[in-house]
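Trainee: Please take one part of this model and go through it closely. I would like to know how its charged side chains pair up.

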Amino acid sequence: MAPSFSLISYSTIFSERHCIPMDQKEFTKSILNYNKAAFDQFITSSTMAQEQMEKLAEMLLLQENTPEEGKKMINEWLENVRQARKDIQESLNNSYRQMETYILSLIP
């Protein structure tokens, strides 16, 4: 018979091997915290990449041969990108909180 690797059995095995009392809710919360940290690191990295792209676009604005219409378009584009990044991050953070609340509510 193959061993079962459900959340309950893994947390039980982990607790027995390391003598750490860990219930299912604590174990699930630690997994969710790990995933949240990985998500936050991804957001930070993508933000840094986007900021570098913005610096490059701003360099275009400083050049004398860039037409005013082009400068206006680049400024609008940069503002839209910043706002979209902010909106996406807020939405994902809210969704993560809702998911965490839901998953933890399933555990007795």
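Mentor: What follows looks at a pair of helices and the salt bridges in them. This is a predicted model, where local features need pLDDT of at least 70 and side-chain atom pairs count only at pLDDT 80 or more, while totals for chains, interfaces and linings use all residues. Residues are numbered from 1 along each chain as its sequence is written, and side-chain values use heavy atoms, without hydrogens and water.

Helix α2 covers residues 24-62 and helix α3 residues 68-106 (helices are DSSP runs of H or I, at least four residues, numbered from the N terminus). Their axes come within 11 Å and cross at roughly 180° (lines fitted to C-alpha atoms over the stretch in contact; angles run from 0 to 180 degrees between N-to-C directions). That makes α2 roughly antiparallel to α3 (an angle over 145 degrees).

The count of salt bridges comes to seven (a side-chain nitrogen of Lys or Arg within 4 Å of a carboxyl oxygen of Asp or Glu). In one of them, R82 meets E54 at 3.1 Å, N to O. R82 lies in α3 and E54 in α2, so the pair ties together parts 28 residues apart in sequence. E54 is buried, at 7% relative accessibility, whereas R82 is partly exposed, at 28% (buried is under 20% relative accessible area, exposed over 50%, partly exposed in between; 1.4 Å probe, protein chains only).

R82 also forms a salt bridge with E79, at 3.7 Å. Both residues lie in α3, three residues apart, about one turn of the helix. E79 is partly exposed, at 43%. Through shared partners, salt bridges join E54, E58, E79, R82 and R85 into one network.

Note on methods:
Helices (H or I, at least four residues) and strands (E, at least two) are DSSP runs, numbered from the N terminus. Angles under 35 degrees count as roughly parallel, over 145 as roughly antiparallel, 65 to 115 as roughly perpendicular and the rest as oblique.
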